[in-house]
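Biologist: I'd like to learn how to read strand pairing in a model. Could you walk me through it?

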Amino acid sequence: MSRNRAKSHKKYQQLIILCLIAGLSVISITCYRCSVPPNSARLKVATPYFYDDTPPGSYDFTLYSPNPYNDYVSVPAPCSGHIGETGYEKGGYGHYLTLLCGHENWFMAHFDSVSVSIGSSITKGNYIARQGSSGNATGPHIHAEILHSNGQRIENRSRTESIVRKYLSYVES
């Protein structure tokens, strides 16, 4: 475990101890702002419909915690940068956000909830949202698009697929 992950994990353990000392029941804690999942379990990735052509150049994937199985998980940021936009689009993307990282900008959607606000500074691995199925979605997953610096989606998969696969490898590491 890296030094930062160990430090975050220790803070999480201290939070649980404080809750127990205060007489509170600890059933579940959603940890959006730390870089270690609350149960310290690695996330897994399911990509049954990895290529999404609605709109062209998009990707769909599901993150899940394998033990116990849970697909409403906290979503780690794919890069360091800041939040450019958040919102809700009924019947479309549902809860969404745009993460601006300079060299790679991400649009991500269908979240159950977004835990960051516009202008928030984000470090790769910080939790930014909770995966869900808001908007026009058939189940919990993340819809992702890589954007040009002008905000337009990059439709050429030869330029974006390696970026998305690198993120998915990071999530599982």
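Modeller: Helices (H or I, at least four residues) and strands (E, at least two) are DSSP runs, numbered from the N terminus. Two strands pair if DSSP finds at least two bridges between them. This is a predicted model, where local features need pLDDT of at least 70, side-chain atom pairs count only at pLDDT 80 or more, and totals for chains, interfaces and linings use all residues. Residues are numbered from 1 along each chain as its sequence is written, and side-chain values use heavy atoms, with hydrogens and water left out.

Biologist: Which strands form a hairpin, and what is in the turn?

Modeller: That's β6 and β7, with 4 residues between them. In the turn, G91 has a positive phi of about 80 degrees. The pairing of β6 with β7 (residues 94–100) is antiparallel and runs over 7 bridges; H82, for instance, has L100 in β7 as its bridge partner.

Biologist: How many bridges link β6 and β9?

Modeller: There are 2 bridges, again antiparallel, between β6 (residues 81–89) and β9 (residues 121–122). Look at G81: its bridge partner in β9 is I122.

Biologist: And how many helices and strands does the protein have?

Modeller: The count is 2 helices and 11 strands, in the order α-β-β-β-β-β-β-β-β-β-β-β-α along the sequence.
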